[in-house]
Amino acid sequence: IADFYKTLSVNHMQSFVTTATGTYLDAIGTMLNCTRKVDESDDDYRKRICHQTLSLAKANGTSIRLAVLSIDGVEDVVIKKYSHGPGSLTIVPVTSDISVNRISEVEEAISDVVSCGEKIIIKSPTYKYVKFNINLSVSSTVDDVDKQNIKTEVRQAIMKYINSLRIGEPIMINELTQRIMQVDDAIINYSCDVFSINNQRCLYINQGCRWDEKFIISPDANAIVIS
């Protein structure tokens with residue numbers, strides 16, 4: 001009897017979208033006309049199933065967002081209501097490859113989910129290119145090889161932080177400092193000799209941006225210099 005109760009408990013848990021996994025989750029998605037994408041995880045698939053009713057309703061933020069995110073290479077999307085007055089909407093897709101213009105793909109993807117007569121503006125994010133010249137103070141007990149490794153890791157930490165910033169999210173110097181200092185216990189201190197945005201030198205303080213702007217590392221070879 002205990003085994004039967006155990007089986008019943010497992011089957012009961014697999015009947016809810018919040019706890020179902022694998023083929024059980026696929027079955028729930030099929031009932032809502034929401035099939036799993038190739039190599040899609042249970043968590044991501046579960047989120048799409050939960051939003052499927054809104055997606056099917058169309059003409060709402062969720063359906064537009066999911067339509068844009070279905071485009072290969074689009075990592076995020078920002079939707080600004082009433083950006084040009086009542087009845088207007090601005091869509092800003094954030095792509096993994098900023099050199100590719102996705103506007104025409106977005107227009108096609110949302111054609112069936114937006115309201116008739118609504119003014120839709122699709123634009124790429126305004127990228128703000130940042131550069132750093134960092135001077136590290138490292139313990140004298142560290143040899144040259146380890147110093148070079150620390151510099152490389154600090155550069156990677158800076159890149160990881162900037163790349164993690166979402167569209168409209170500011171650069172927080174305290175957060176950046178924490179990530180740099182956590183790279184290695186041998187780092188005593190550091191200073192930022194040069195901090196520039198779009199090739200304009202700035203004070204090394206928190207830097208904000210507009211809702212449609214995004215900070216990224218400059219493509220220049222000397223974007224991050226660690227000395």
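**View 1. Polar contact of the Arg102 side chain with the backbone of Asp72.** In this predicted model, a polar atom of the Arg102 side chain lies 3.1 Å from the backbone oxygen of Asp72; a polar contact is a pair of N or O atoms within 3.5 Å, one able to donate a hydrogen and the other to accept it, and residues adjacent in sequence count only if both atoms are side-chain atoms. Arg102 belongs to the loop between strand S2 (88–95) and helix H6 (103–110); helices (H or I, at least four residues) and strands (E, at least two) are DSSP runs. With a relative accessible area of 15%, Arg102 is buried (buried is under 20%, exposed over 50%, partly exposed in between; 1.4 Å probe, protein chains only). Beyond its neighbours within four places in sequence, Arg102 is in contact (heavy atoms within 4.5 Å) with Ile71, Asp72, Gly73 and Thr95.

**View 2. Aromatic cluster of Phe132, Tyr190, Phe195 and Tyr204.** Ring pairs (centres within 6.5 Å; planes under 30 degrees apart stacked, over 60 edge-to-face, the rest tilted) link these four residues. The whole structure holds three aromatic pairs. One of them, Tyr190 with Tyr204, is edge-to-face, at 6.4 Å centre to centre and 90° between the planes. Tyr190 lies in strand S5 (residues 187–197) and Tyr204 in the loop between strand S6 (200–201) and strand S7 (213–217), so the pair ties together parts 14 residues apart in sequence. Phe195 and Tyr204 are also edge-to-face, because their ring centres are 5.6 Å apart and their planes at 85°. Phe195 is buried at 2% relative accessible area, whereas Tyr204 is partly exposed at 24%.

Residues are numbered from 1 along each chain as its sequence is written, and side-chain values use heavy atoms, without hydrogens or water. Local features need pLDDT of at least 70 and side-chain atom pairs count only at pLDDT 80 or more, whereas totals for chains, interfaces and linings use all residues.

Technical notes:
Rings of Phe, Tyr and Trp (its six-membered ring) pair if their centres lie within 6.5 Å; planes under 30 degrees apart count as stacked, over 60 as edge-to-face and the rest as tilted.
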